[in-house]
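Please keep the sequence and the structure in view while reading.

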Amino acid sequence: MTMQDNGLTKAQQQAIENLYGAFNDKNPDLLDQALAVDWDDIPLGPNQQPGLAGMKPVIALFTTAFPDVKITILDVFGRDGRAAVRARITGTHLGEFFGVAPTGKPIAIAIHEFHQLSADRVLRTWHLEDWFGMLNQVGAWPPKAV
């Protein structure tokens, strides 16, 4: 998606595109062009370390679980160094994720994020992904009765 007239500068738009592009391109080094070194991710994922360095391994874990992952940006709204992003994550569950063995099933889940931005980097992110939806789509939720 090309973001235009959304209240962000071109550099801020590029930082957001690089953040999601790191997943799409399976290239954690794109995060160097997206996130501040001391980026604050709220909440941290399971076993995720803080900051930019803590996010890079998440790319590998995620792209191992969903090798064909694609994050599609649907909407971006910005103002005063803040941005709201509505996106969709799609992929095929081909590796362990959240302790769930690969199922080969496709997923499509919503993601909503709010970013605080500097002139050209994401400083802080508050995020919410539909992980219950993902678990339902791969057949891991609700748990099977024993």
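**A residue in strand 3**

Arg 86 is located in strand 3; helices (H or I, at least four residues) and strands (E, at least two) are DSSP runs, numbered from the N terminus. The model is a predicted one, in which local features need pLDDT of at least 70 and side-chain atom pairs count only at pLDDT 80 or more, whereas totals for chains, interfaces and linings use all residues. Residues are numbered from 1 along each chain as its sequence is written, and side-chain values use heavy atoms, with hydrogens and water left out.

**Surroundings of Arg 86**

- Arg 86 has a relative accessible area of 37% and is therefore partly exposed; buried means under 20% relative accessible area, exposed over 50%, and partly exposed in between (1.4 Å probe, protein chains only).
- Not counting residues up to four places away in sequence, Arg 86 touches Thr 72, Ile 73, Leu 74, Asp 75, Ile 111 and His 112, where contact means heavy atoms within 4.5 Å.
- Between Arg 86 and Ile 73 there are 6.3 Å in space, C-alpha to C-alpha, although the two are 13 residues apart in sequence.

**The sheet**

- Strands of a sheet pair through backbone hydrogen bonds, in either a parallel or an antiparallel manner.
- Five strands form an open sheet in the order 1-5-4-3-2, and their pairing is mixed; two strands count as paired if DSSP finds at least two bridges between them.
- Strand 1 and strand 2 are the edge strands, each with a single partner strand, so one side of each has no neighbour in the sheet.
- From one strand to the next, the twist averages 25°.
- Strand 1 runs parallel to strand 5 (residues 122-129), and four bridges join them; Ile 42 has Trp 126 in strand 5 as its bridge partner.
- Strand 4 and strand 5 are antiparallel, with seven bridges, and they form a hairpin with four residues between them.
- Leu 117 is placed opposite Val 122 of strand 5.

**Helix 1**

- Helix 1 lies across strand 1, strand 2, strand 3, strand 4 and strand 5, and runs at about 150° to strand 4; axes are lines fitted to C-alpha atoms, for helices over the stretch in contact, and angles run from 0 to 180 degrees between N-to-C directions.
- The 15 residues of helix 1 reach 20 Å from first to last C-alpha, close to the 21 Å expected at 1.5 Å a residue; the expected span is 1.5 Å times one less than the number of residues.
- The buried residues of helix 1 include Ile 16, Leu 19 and Phe 23.
- Helix 1 is followed by Lys 26, which has a positive phi near 55°.

**Helix 2**

- Why does the length of helix 2 agree with expectation? Its 15 residues should span 21 Å at 1.5 Å a residue, and its end C-alpha atoms are 22 Å apart.
- Among the buried residues of helix 2 are Leu 52, Met 55, Ile 59 and Phe 62.
- Seen down the helix axis, the buried residues of helix 2 fall within an arc of 165°, so they line one face of the helix; this arc is that of the directions from the helix axis to the C-beta atoms.
- Ala 53, Leu 61 and Thr 64 are exposed on the other side of helix 2.
- Helix 1, strand 1, strand 3 and helix 3 are the elements against which the buried residues of helix 2 pack.

**The nonpolar core**

- The largest nonpolar core has 37 residues, of which Ile 16, Leu 35, Ile 89 and Met 134 touch the most other members; such a core is a set of buried Ala, Val, Leu, Ile, Met, Phe, Trp, Tyr and Cys residues joined through side-chain atoms within 4.5 Å.
- With six residues, helix 1 gives the most to this core.
- Apart from its neighbours within four places in sequence, Leu 35 is in contact with Leu 19, Leu 52, Met 55, Arg 121 and Val 122.

**Backbone details in the loops**

- The peptide bond from Ile 42 to Pro 43 is cis, with omega near -5°; Pro 43 belongs to the loop between strand 1 and helix 2.
- Asn 47 lies in the loop between strand 1 and helix 2 and has a positive phi of about 65° although it is not a glycine.
- With 77% relative accessibility, Asn 47 is exposed.
- Phe 98, in the loop between strand 3 and strand 4, has a positive phi of about 55° although it is not a glycine.
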